[in-house]
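I opened this notebook to record what I looked up in one structure, entry by entry. Each entry states the item that I consulted and the value that I found.

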Amino acid sequence: LYKDGVGFPDEPAKAFRNGSCPAVQGENKIIINSIPAGRYALAVIQDQNENGHLDKNKMGIPTEPFGFSNNVIGAFGPPKFHRAQFEVRPGKNELTPLRLRMGQ
C-alpha cells in the first residue's frame, strides 16, 4: 500500500504498509485496517517462488501474477500512481475487486 505515490510501485521499502498472506484458489479478500485518510494505491504480486519480488524474464516482462488498484495497467511498464490511486476517507471504504494478471 503506497501513500501519495511515494515509491509506487517498484520500491516496497518506501510503501506506507506492506505485508503478505497465503493465496488460496478462487477469491482472496484482504482487509487493511487503521489507514489514515489520504490518497493511496495498491500493488499486489503473487510471489510464487517466495523470493520477495516480482520476477521478470530477460525482456522485463513479469512472470508472476500481479495487479494494481483500479485494475489499471501501464502502457510500457507499471502504471502511474495517479491512475491507480484511490482515496481513503473516514468511515468504511471498499475497493473495486483487484484482478491479478500475467505479464503483458
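The entries below go from conventions to the whole chain, then to the sheet, the cores, the aromatic rings and the backbone.

**Entry 1. Conventions.** I note that the model is predicted, that local features need pLDDT of at least 70 and side-chain atom pairs pLDDT 80 or more, and that totals for chains, interfaces and linings use all residues. Residues are numbered from 1 along each chain as its sequence is written, and side-chain values use heavy atoms, with hydrogens and water left out.

**Entry 2. Whole chain.** The order of elements from the N terminus on is β-β-β-β-α-β. The radius of gyration is 14 Å, close to the 13 Å that the globule rule gives for 104 residues, so the chain is as compact as a globular protein of that length. That radius is taken over C-alpha atoms, and the rule is 2.2 Å times the number of residues to the power 0.38. Along the principal axes, the C-alpha atoms fill a box of roughly 45 × 30 × 25 Å.

I then looked up accessibility. Of the 104 residues, 24% are buried; buried means under 20% relative accessible area, exposed over 50%, and partly exposed in between (1.4 Å probe, protein chains only). The chain exposes about 7700 Å², of which carbon and sulfur atoms supply 51%; the areas come from the Shrake-Rupley method with a 1.4 Å probe, and for residues only the protein chains shown count as cover. Among contacts (heavy atoms within 4.5 Å) between residues at least 6 apart in sequence, 58% join residues at least 24 apart.

**Entry 3. Sheet.** I traced an open sheet of three strands in the order β1-β2-β5, with antiparallel pairing. Two strands pair if DSSP finds at least two bridges between them. Strands β1 (2–3) and β5 are the edges, each pairing on one side only. Between β1 and β2 I find two bridges, and Y2 stands opposite A41. Strand β2 (residues 38–41) pairs with β5 over three bridges. On that side Y40 faces F86, and the bridge partner of G38 is V88.

**Entry 4. Nonpolar cores.** Which residues make up the largest nonpolar core? I list nine: Y2, F8, A15, A41, F66, F68, V72, F81 and A84. A second, separate core has five residues, including L1, Y40, F86 and V88. A core here is a set of buried Ala, Val, Leu, Ile, Met, Phe, Trp, Tyr and Cys residues joined through side-chain atoms within 4.5 Å. For A15, I find that it touches L1 and Y2, residues up to four places away in sequence not being counted. As background, nonpolar side chains in soluble globular proteins tend to be buried together.

**Entry 5. Aromatic rings.** I find six aromatic pairs. Rings of Phe, Tyr and Trp (its six-membered ring) pair if their centres lie within 6.5 Å; planes under 30 degrees apart count as stacked, over 60 as edge-to-face and the rest as tilted. F16 and Y40 form an edge-to-face pair, at 5.5 Å centre to centre and 65° between the planes. This pair links distant parts of the chain, 24 residues apart: F16 in the loop between β1 and β2, and Y40 in β2. F16 is partly exposed at 33% relative accessible area, whereas Y40 is buried at 0%. Y2, F8, F66, F68 and F81 form one aromatic cluster.

**Entry 6. Backbone.** Most residues other than glycine have a negative phi, and most peptide bonds are trans. I looked up the departures. A cis peptide bond joins F8 and P9, with omega about -15°, and P9 is in the loop between β1 and β2. D4, in that loop, has a positive phi of about 55° and is partly exposed at 38%. E50 also has a positive phi, near 55°; its place is in the loop between β3 (43–45) and β4, and it is exposed because its relative accessibility is 73%.

**Entry 7. P90.** Is P90 buried or exposed? I record P90 as exposed, at 78% relative accessibility, in the segment after β5 (86–88). P90 and G38 are 52 residues apart in sequence and 9.6 Å apart in space, C-alpha to C-alpha.

How values were computed
Helix = DSSP H or I, 4+ residues; strand = E, 2+ residues; numbered from the N terminus.
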